[in-house]
Amino acid sequence: MPKLTLPVRLALLVAGTTLPLIVFAVGLAYYNYRQDRSEATRRVLETVRSMRMVLDAEVQRITGGLQVLALSDALGSADFESFRHLAAGFISQYGDDSVLLLSDRTGHQVFSSATPDTANLPRRNNREIVERVFATKAPQFSDLFVGATKKQAVVTVEIPVLRDGEVAYALSFSPPVAIFQRLLEQQRPNDQWTVSLLDSKGVVFARSPNPTENFGRQASGVLYESMFRRPEAALSTVSLDGVALTTAYTRSRLTGWTAVAGVAESSLVAPLWRNIAITSLIGGILLLVGLTFAVRMATTIARGEMLHNLLIEELNHRVKNTLALMQAIAVQTFRSASRDERRKFEGRLGALAEAHNLLSQERWAGSELRDVIARALQPFLLSNPDRIRMNGPAVPLSPRLAVVLSMIVHEIATNAAKYGALSNDTGRVTLDWEIMTDAPKPRLRLVWTEAGGPPVTAPVQRGFGSRLIERSARDQLGGEATVDFLPRGVVCTVTCTLEETP
């Protein structure tokens, strides 16, 4: 086998170290895509449940108003002319497109808000729901049908009017469909989403986008088949507009109507291809730069054997350090595939970065304890800055102490946000510190005290955050950290010896 020249060997070395990193980055992008897709499915399901709650609340408001009308003296005495004034006041809340009807057991209308001519009122088109009102003595909610009065597609809310415990009339209200359309559009997160309301037979009566084109159409095949098998589910569908969606639906127990929401598959796939393209582009540039550097370096190395060996060793040393660093990050970060662990890792990196930013502003001459703590606690004070009180003298910190204390305070606050006083709306934290001079070197004593949080119970085993706090205080500060799980709240105490600042 011919002996490879030095430039070729270096080129192969650069390629052998760069290409695995590119493959790793592409794999990481795909992993993030799978995580984001799972998160998107959860968001769609939460959105559709919120839609159902808003819809039920609006229908319950309408039902409550109708039940008050049904108890009026005018209906009790069959004084329909007096009742017309009450009906007009109720309808004014919803607009002229709404209609209030009163019909007997046979579906014959005895009152209509649309006309004062009660003698020539037509029979109800949807007499089945009238029969259900008389049979159940309870409110009923219709599917989409064409009303007999205005000859328009409507949904109705039906209320029994009782006399001596028996149903005398069915009070029917057909609100403008625009009410439901407006509620739906307010719940739509953005233009990538398709949201719909379907009656119990799977027919669309509100939708965004393209409400007019899809009004009265039956739900698409996969969704239509699933909604009659399960009251709630998440699945992949194709919309009535032909758009591939990640969809979720849930059926209202109150009305029998179904709320549906879906986000376009393209909005989920596009970031994957974008990340792969960016990764490949950057990787290609780095590979090209590395190859160029390798060739130029090899040419320089060829000028002398000693310089040649020195640069080769330096290149190997840097490559090994880079690979070791990437391996350590991958092992620590992706040991668990849960999003919670990713957030923890990102939070710790963020705390470390904030400490370094503060030290960089001070040109690495040290920093003040209050500034370090404020930087570390900033994410936990966004919603309510008064939840954490800080009391203590000015304490200059060396760069090393600033970084370690920033990490410790971040971990304590993270635990409080998950389990302690920062996990609810009433909890409070007091952070006190003092300088103790009872030893040859001054020591810092920092006390984190929680109150008003959930009931405190000592954990069965310590997590990584607790171990990080204790080990950082012991090994890096030469001090001590203790955590007391008191009934009124957690108390964490950190002590360490102060260093002289530059």
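Start with Phe83. Leaving aside neighbours within four places in sequence, Phe83 is in contact with Leu69, Ser72, Ala74, Leu75, Leu100, Phe111 and Leu171. Contact here means heavy atoms within 4.5 Å.

Two words on the source. This is a predicted model, where local features need pLDDT of at least 70, side-chain atom pairs count only at pLDDT 80 or more, and totals for chains, interfaces and linings use all residues. Residues are numbered from 1 along each chain as its sequence is written, and side-chain values use heavy atoms, with hydrogens and water left out.

Now the cores. A nonpolar core is a set of buried Ala, Val, Leu, Ile, Met, Phe, Trp, Tyr and Cys residues joined through side-chain atoms within 4.5 Å. Buried is under 20% relative accessible area, exposed is over 50%, and partly exposed is in between, with a 1.4 Å probe and protein chains only. The largest nonpolar core holds 46 residues. Which members touch the most others? Leu66, Phe83, Leu100, Leu102, Leu171 and Phe180. Helix α1, residues 6–70, gives the most to this core, with 10 residues. A second, separate core has 35 residues, including Leu369, Ala421, Cys492 and Val494. As background, nonpolar side chains tend to be buried together in soluble globular proteins.

Helices (H or I, at least four residues) and strands (E, at least two) are DSSP runs, numbered from the N terminus. Two strands pair if DSSP finds at least two bridges between them. This open sheet has 5 strands, ordered β2-β1-β7-β6-β3, with antiparallel pairing. β2 (109–112) and β3 stand at the edges, each with a single partner strand, so one side of each has no neighbour in the sheet. β6 and β7 run antiparallel and are joined by 7 bridges. Ile159 has Leu171 in β7 as its bridge partner.

Two helices lie on these strands. Helix α3, residues 80–91, lies across β1, β2 and β7, at about 50 degrees to β2. Helix α4 lies across β1, β3, β6 and β7, at about 140 degrees to β7. Axes are lines fitted to C-alpha atoms, for helices over the stretch in contact, and angles run from 0 to 180 degrees between N-to-C directions.

Stay with α4, residues 127–136. What are its buried residues? Ile129, Val130, Val133 and Phe134. They cover an arc of only 140 degrees around the axis, which puts them on the same side of α4. That arc is taken from the directions from the helix axis to the C-beta atoms. On the other side, Glu128, Glu131 and Ala135 are exposed. The buried residues of α4 pack against β1 (99–103), β3, β6 (157–163) and β7 (166–174). Just after α4, Lys137 takes a positive phi of about 60 degrees.

A quick stop at Ala153. This residue is found in strand β5, residues 153–154. Not counting residues up to four places away in sequence, Ala153 touches Leu144, Phe145, Val146, Val177 and Phe215. Ala153 and Gly216 are 63 residues apart in sequence and 8.2 Å apart in space, C-alpha to C-alpha.

On to another open sheet. Its 5 strands have the order β14-β16-β17-β19-β18, with mixed pairing. β14 (388–391) and β18 (480–486) are at the edges with a single partner strand each, so one side of each is left without a neighbour in the sheet. The twist averages 10 degrees from one strand to the next. β14 and β16, residues 428–436, run parallel and are joined by 4 bridges. Met390 stands opposite Leu431 in β16. β16 and β17 pair antiparallel over 9 bridges. A hairpin of 6 residues connects β16 to β17. Asp432 has Val447 in β17 as its bridge partner. Helix α11, residues 369–377, lies across β14, β16 and β17 (443–451), at about 155 degrees to β16.

Last, confidence. pLDDT is the predictor's confidence in each residue, from 0 to 100. The protein chain averages 77, and 71% of the residues score at least 70. Among the elements, helix α9, residues 305–334, has the lowest mean pLDDT, 42. Strand β3, residues 140–141, has the highest, 95. Over residues 306–328 the pLDDT is below 50, and this stretch has 16 contacts in the model beyond near neighbours in sequence. Residues 344–348 are also below 50, with 10 such contacts. Where pLDDT is low, the predicted coordinates should not be read in detail.
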